[in-house]
Amino acid sequence: MDGTLGLLSGGGGSGGGGSSGASANESTVSKVEVVEQDFVGMSSEASSYPAEAELELGLGLSLGGGGGAVKAKPCTWGERGRILTAKDFPSVVSHGSSTPSRFSDRATAAAVGPVSGTKRAADSVCQEGGSPTGGSQVVGWPPIRAYRMNSLVNQAKSQRAEEDKLIGEKDKSPDATKKKIYTKAETNAKEKCHLGFVKVNIDGVPIGRKVDLNAHSCYATLAQMLEDMFFRSATTVKSMGSGGEKEQLTKPSKLLDGSSEFVLTYEDKDGDWMLVGDVPWGMFLGSVKRLRIMRTSEANGLAPRFHERNERQRSKPI
Amino acid sequence: MQRMACSFPDEVLEHVFSFVQCDNDRNAISTVCKSWYKIERWSRRRVFVGNCYAISPDMVIRRFPDVRSIELKGKPHFADFNLVPDGWGGYVAPWISAMAAAYPWLEEIRLKRMVITDENLELISKSFKNFKVLVLSSCEGFSTDGLAAIAANCRSYLHCRNLRELDLRESEVEDLSGHWLKHFPDDYTSLVSLNIACLGCEVSFSALERLVGRCPNLRTLRLNRAVPLDKLANLLRRAPQLVELGTGAYSSELRPDVFSNLSGAFSGCKELKSLSGFWDVVPGYLPAVYPICCRLTTLNLSYATIQSPDLIKLVGQCQNLQRLWVLDYIEDAGLDAVAASCKDLRELRVFPSDPYGPEPNVPLTEQGLVSISEGCSKLQSVLYFCRQMSNAALMTIARNRPNMTRFRLCIIEPGTPDYLTLQPLDVGFGAIVEHCKDLQRLSLSGLLTDLVFEYIGTYAKKLEMLSVAFAGESDLGLHHVLSGCEKLRKLEIRDCPFGDKALLANAAKLETMRSLWMSSCSVTFGACKLLGQKMPRLNVEVIDERGTPDSRPESCPIDKLYIYRTVAGSRFDMPGFVWTIDEDSAMRLS
């Protein structure tokens, strides 16, 4: 523990080179020490970063010489470090939003967990892979690769199909428990992580994007997000101030109502390309493999099938 | 002494250097004197580029004119978990074009997390006269058409080109058709290693059988899930010399004749040391591999959704096992059994079967890992997903296994404290870094304060890669790591309250590392601009899909930050959601 103090208060005779830094160093050494003790006692909830202000000055200067516990690095390090002190830094940024109460939040844990992640989502536009609107799903957590997750989901599905075939009715045998474990895993996996991300391609652009279908609960948000992703021009500036949330889903999506030059289609698990928006959302989730934003002129071939399946009139784009 | 060394003819020095393969040693050799630099650069045959944007293809080619083997890595590690948006970069195309012109004798290409297209694959297949090895690890952007090109051009009488290795690791391949395998010519017999486990579609099985049958040097065969179990025996009988096998789906109706056929085929493989695959396992077929269990050194059951008793029966017979990957269905009881039977175990990975479930679905806890640490004295590498942990357990593990070099613990729920004391897990991880003095890689999880970073900065002197998520309380945490971990090369952080200060104060450290990733932290655009301006040898990439960072107030943290050292300057292939800052302090939109 003493090592810490040594580290931060960085010995007065800090070799880290000369001029402007040194004077500040002396005056802040004691401050840093005091603050450090507070800090180690973990009273971080008290206020936002009492440590921070002093920390800047201390850090910028003590690097080259090194503290008690750490061997000194060659001087260039300290010089470089010295350039970037509080003087360069325009303003102390308040981190009030995401941090001070984090400690206590986490102690009660469970759903709160990723505070900054969810907060970010609240501030910002419906972003690809952002924290989903409803659940506690966090992007990329737990850190399991997509192919592994997909494999688990697919196996659970086929396992369930097998067991439905073989087992038939429920029974009290050990097999039933086994089934429960598998199906529970499968249900959880299916509900919360349907395949996770699916690819989206737009005609004319070779590189596709990926979207997290879990982050949406209806076609409107999905289409809205895709429009933002592919059609938003770089020059559009959206002010993201406190109230500046992007217009929520008030206007109907052009991709879905056929009024745009493009239509949204998807490939289902049978390999057929279908227009998006026709089947219930849940069914869509269960069968979609990937998405494609197709030129309306090329989507002619899809309309008849759509028409056949649903016996509904749709205006065919010409 | 020095004069004597310089008076050796170049050929002698070159011959001496040929015994030195390790990159670091060769780098050291090249710094001795100009003449050694020159000889070394002409004789360097293998180049490893850990970050494809750290240097340009031309620079590599200029320095090393006669390279035969190249390894390139592209996207940052967190791309594996979908944290890097599609289109970020990592395109191999410029490398392939440059090397096609400059390295006609290139034999090996190994790529990790890069984007490679069918055109790139076709160019590879046609450009290199002696091409032997293609390994695509976690790559994407290509389809089975590209594989067809590789297969079709794998053999050339004129140029002695003979493909030996085609390994797709966990790449994402667009499955257009399984016919690509038919493009291997009938007189092609030099295949040594084939890994197609990641492919979704059915490959032409008869073509596969013929290929396997005519390649007597085939050592590694990793099939994809679509290869049914009842075909496996035939394949094995054609390749009894196999050392590494990945099965396809391991399920079939239980039939005695199929079983005995399979069992006989396995018994015939006297060299088999590594097994993987095992999708859709039907437990009744597991005993077919019992005859070879005692020879196994690697067993990957991480797709096998079978219960603990079946797992125990299998693993209990693998006394020579060194590497075990398994699902948490193995349970604590199963790990006890492993600890008792597998005394040679070096690496253990336990994956979660139900990562999104709110509650534990299997009795797998910290106790399993403690047992392993007690029973397996050679244990060096751990990846463990679980739902509860205690400082006491971590301390026990640390004391048991000071020889640990890779320790990655993932407690599934972020911010989970020690379940016994409700304290943070700082001291537990502190014990790990304190006792395991050779620790190279560490991943943290659970409830952690800045204290754990202090421990890491103090003790983890050999640490090269650190992964942090939902941890820490202030910039002090980040500062401890950046200032204390002398060997740190890769640092990846997500959802931690680290902001500008530690970053700016340790700016110089960043040039000693390969890369730093920070997402969902508290770094501001102002700090990024500052870093970009002051540090010309760093690329500071702000990845933000919400539009230009200037459109938000300065106090609004950026979304993702990727900083890496480079001698190639800013890259030219950045997509619209990546912002970078160069020296003239103008914000450059890509």
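Thr117(B) is partly exposed, with a relative accessible area of 26%, where buried means under 20% relative accessible area, exposed over 50% and partly exposed in between, computed with a 1.4 Å probe on the protein chains only. This is a predicted model, in which local features need pLDDT of at least 70 and side-chain atom pairs count only at pLDDT 80 or more, while totals for chains, interfaces and linings use all residues. Residues are numbered from 1 along each chain as its sequence is written, chains are lettered from A and ligands numbered from 1 in the order in which they are written, and side-chain values use heavy atoms, with hydrogens and water left out.

Thr117(B) belongs to the loop between strand S3 (108-112) and H7 of chain B; here helices (H or I, at least four residues) and strands (E, at least two) are DSSP runs, numbered from the N terminus. Although Thr117(B) and Glu140(B) are 23 residues apart along the chain, their C-alpha atoms are separated by 7.8 Å. Another such pair is His480(B) and Ile456(B), which lie 24 residues apart in sequence and 7.5 Å apart in space, C-alpha to C-alpha. His480(B) sits in helix H18 (residues 475-484) of chain B and is buried, with a relative accessible area of 3%.

We can now turn to how helices pack. Helix H6 (residues 93-102) and helix H7 (residues 118-127) of chain B pack at an angle of about 20 degrees, with their axes 10 Å apart; axes are lines fitted to C-alpha atoms, for helices over the stretch in contact, and angles run from 0 to 180 degrees between N-to-C directions. H6(B) and H7(B) are therefore roughly parallel to each other, given that angles under 35 degrees count as roughly parallel, over 145 as roughly antiparallel, 65 to 115 as roughly perpendicular and the rest as oblique. Their crossing is left-handed, a term used if the near helix is turned anticlockwise from the far one by less than a right angle, with right-handed used if clockwise. Helix H2 (residues 10-17) and helix H4 (residues 34-43) of chain B, by contrast, have axes that come within 10 Å and cross at roughly 60 degrees, and H2(B) and H4(B) are therefore oblique to each other, in a right-handed crossing.

Helix H21 (residues 525-534) of chain B is mostly covered, since seven of its 10 residues are buried, among them Phe525(B), Cys528(B) and Leu531(B).

Some backbone details also deserve attention. Arg169(B), which is not a glycine, has a positive phi of about 35 degrees; Arg169(B) lies in the loop between strand S8 (165-167) and strand S9 (172-174) of chain B and, at 36% relative accessibility, counts as partly exposed. Glu331(B), also not a glycine, has a positive phi of about 65 degrees, but Glu331(B) is found in helix H13 (residues 331-341) of chain B and is buried, with a relative accessible area of 18%. In chain A, the peptide bond from Trp141(A) to Pro142(A) is cis, with omega near -5 degrees, and Pro142(A) is placed in the loop between helix H6 (115-123) and helix H7 (146-167) of that chain.
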